[in-house]
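Let's walk through this model together, from its overall layout down to single residues. Keep the sequence and the 3D view at hand as you read.

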Amino acid sequence: MAERVVVVGGGMAAVRLAEQLVGADVCLTVLADEPHAPYNRILLSAVLEGTHSADALTLRSPEWFEAQGFDLRLGARVLELDRDAREVVLVDGERIAYDRLVLACGSIPTLPPIRGLVRRDGTLHPKVHPFRSLADCRRLDAATHPGRRAVVVGGGLLGLQVARALSVRGVLTEVVEGADHLLAGQVGAPAGGVLARDLRRLGTEVYTGARAVRMTDDGVQLDNGALLPTDLVVLTAGGRPSTALARRAGLMVGRGIVVDSTLTSVTDDRIHAIGDCAEHRRRTTGFVPPAWEQAEVLARVLRGEEAAYDGLRSVARLRATGLEVAVLGDPRTAEGEVVEVTNPIAGSHRRLVVHGGRIVAAALVGDLSRVGLITQLYDRGTILGPDEPGQLLLPEAADAPTPLPDEAEVCACAGVSAGEIRACGTVAECVDRTRATTGCGGCADVVRRLVGEVGPVRVPVG
Ligand SMILES: Cc1cc2nc3c(=O)[nH]c(=O)nc-3n(C[C@H](O)[C@H](O)[C@H](O)COP(=O)(O)OP(=O)(O)OC[C@H]3O[C@@H](n4cnc5c(N)ncnc54)[C@H](O)[C@@H]3O)c2cc1C
């Protein structure tokens, strides 16, 4: 009899797992607490910005799940795991049995310690908006009007996306970041400086090294005494892996649910975890590319194939209008020699960390024209000659024809190469066969060019 695989969570990792299990001999049930069809969370800021409708974010429709013979339950919140009975318990008391359980419950936003954020009755101050789900996005969208003022608390990837979206909508937006530069979790101070300059140029004020400490009806008070009058406060200052279910069920939990290289809980070999909620080799991730890679590995494990996740490849792309950021590995802490070029006038920063001739980390801000090639060299561990790292950081000559090699990775989210895209006749076929463009969407232009829907490709984009 086919194994009963039950997935808790209907987010980006869960959908990728379902896609990879099409045709497998499993009986799949996906329990998703949100009421809408699974959607692309990365593009929420595009909905806020007004460039995408909420419907356009759907990753796979309920009809698609049905057509595959999968059981997608929307609005189904899992309350408890009963490991002895191998069942999950929903809020309405229904029990669902599993042979294999996959925890793909993502992360939950953390509330920063700001006085007045939460009112006496436990509700958030009416001006305050978290930004994690489609419901959050709709609520913020309804409060967004040109000429209003907004303070975005948190200058990480999410904060920058939201700040750009609000600013494009005509909201006077300010970003408050406690660290001494933007995107401090991913890049160093020079790159953060370039981003702050870019944001200011685009009309958004940035306060770094300043913490929001108090929320009043007049605005947000910073620890340096400044008061920022505002109509809206958006919280984007981080999230933490959703581990409550696992913890209560006695699974080993560190920052996330601890799994081995087969994405299996180290406590219970019937339970797996993928995506933002999983912790592998003491690391949690928080980005789509690793979540999708984990989903693909786990699908192979569930099919009974040999597969292992090494967690070595880490790629993050920021989707925000007018801001270009790509981060490979951890360029702040990776050991090696640093080759770096900052051009504050052009608004670009490129940093490669090279160890033993191999690129072990990179941060690219403002100009991603070489990201496809750099990602390919990073992924393959190609040994570079002494001049090559420097050459990679030089801007590409505008007229230099640079054919994109078949092996170059074009879609960092789904890990799709130029050759795989060239093998498709249309963008639609490519989306269907490879899922390229369905993550952050940063590769859409190159995909269109590679399948010949517009002019030839000369610029590699990841
Ligand atoms: C606004 C925003 C912008 C982002 N932008 C980027 C970006 O530009 N690039 C990038 O790489 N990453 C980005 N991320 C991060 C990316 O979205 C996550 O890494 C990715 O969604 C992780 O997938 P996941 O399936 O682990 O979690 P999620 O997609 O969060 O899905 C988890 C799902 O599980 C559900 N769930 C939780 N508990 C239960 C339960 N008990 N029962 C049933 N369901 C449950 C949740 O409601 C949620 O729907 C962004 C995140 C946000 C919020």
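Burial comes up throughout, so here is how it is defined: a residue is buried if 20 or more other C-beta atoms lie within 10 Å of its own, exposed if 12 or fewer, and partly exposed in between, with C-beta atoms placed from the backbone. This is a predicted model, in which local features need pLDDT of at least 70 and side-chain atom pairs count only at pLDDT 80 or more, while totals for chains, interfaces and linings use all residues. Residues are numbered from 1 along each chain as its sequence is written.

How confident is the prediction? The protein averages a pLDDT (the predictor's confidence in each residue, from 0 to 100) of 90, and 96% of the residues score at least 70. Residues 456–462 are a stretch to treat with care, as pLDDT stays under 50 there. Where pLDDT is low, the predicted coordinates should not be read in detail.

Now for the layout. The domain assignment, which is automatic or taken from a database, gives domain 1 (3–108 + 240–302), domain 2 (128–237), domain 3 (329–395) and domain 4 (401–462). Between the C-alpha centres of domain 1 and domain 3 there are 34 Å.

Helices (H or I, at least four residues) and strands (E, at least two) are DSSP runs, numbered from the N terminus. Two strands pair if DSSP finds at least two bridges between them. Strand 9 (residues 128–130) runs parallel to strand 16 and is joined to it by 3 bridges, with V128 partnering V233. Strand 10 (residues 149–153) also runs parallel to strand 16, through 4 bridges, and here V153 has L235 as its partner.

Helix 5 is mostly covered, with 11 of its 12 residues buried. Just after it, G170 takes a positive phi of about 85°. Helix 6 (residues 189–201) has 13 residues that should span 18 Å, and its ends are 18 Å apart, which agrees. Its buried residues are A191, G192, V194, L195, A196, D198 and L199, and just after helix 6 G203 has a positive phi of about 100°.

The largest one has 142 residues, and L17, L103, A104, I274 and V410 have the most contacts inside it. Helix 8 (residues 288–302) gives the largest share of this core, 8 residues.

Finally, two arginines deserve a glance. R86, in the loop between strand 4 (78–82) and strand 5 (87–90), has a positive phi near 50° though it is not glycine. R86 is partly exposed because 18 other C-beta atoms lie within 10 Å. R282 sits in the loop between strand 20 (278–280) and helix 8, with a positive phi near 65°. R282 counts as exposed because it has 10 C-beta neighbours inside 10 Å.

Conventions. Two residues are in contact if their C-beta atoms, placed from the backbone, lie within 7 Å. A nonpolar core is a set of buried Ala, Val, Leu, Ile, Met, Phe, Trp, Tyr and Cys residues joined through C-beta atoms within 7 Å. The expected span of a helix is 1.5 Å times one less than its number of residues.
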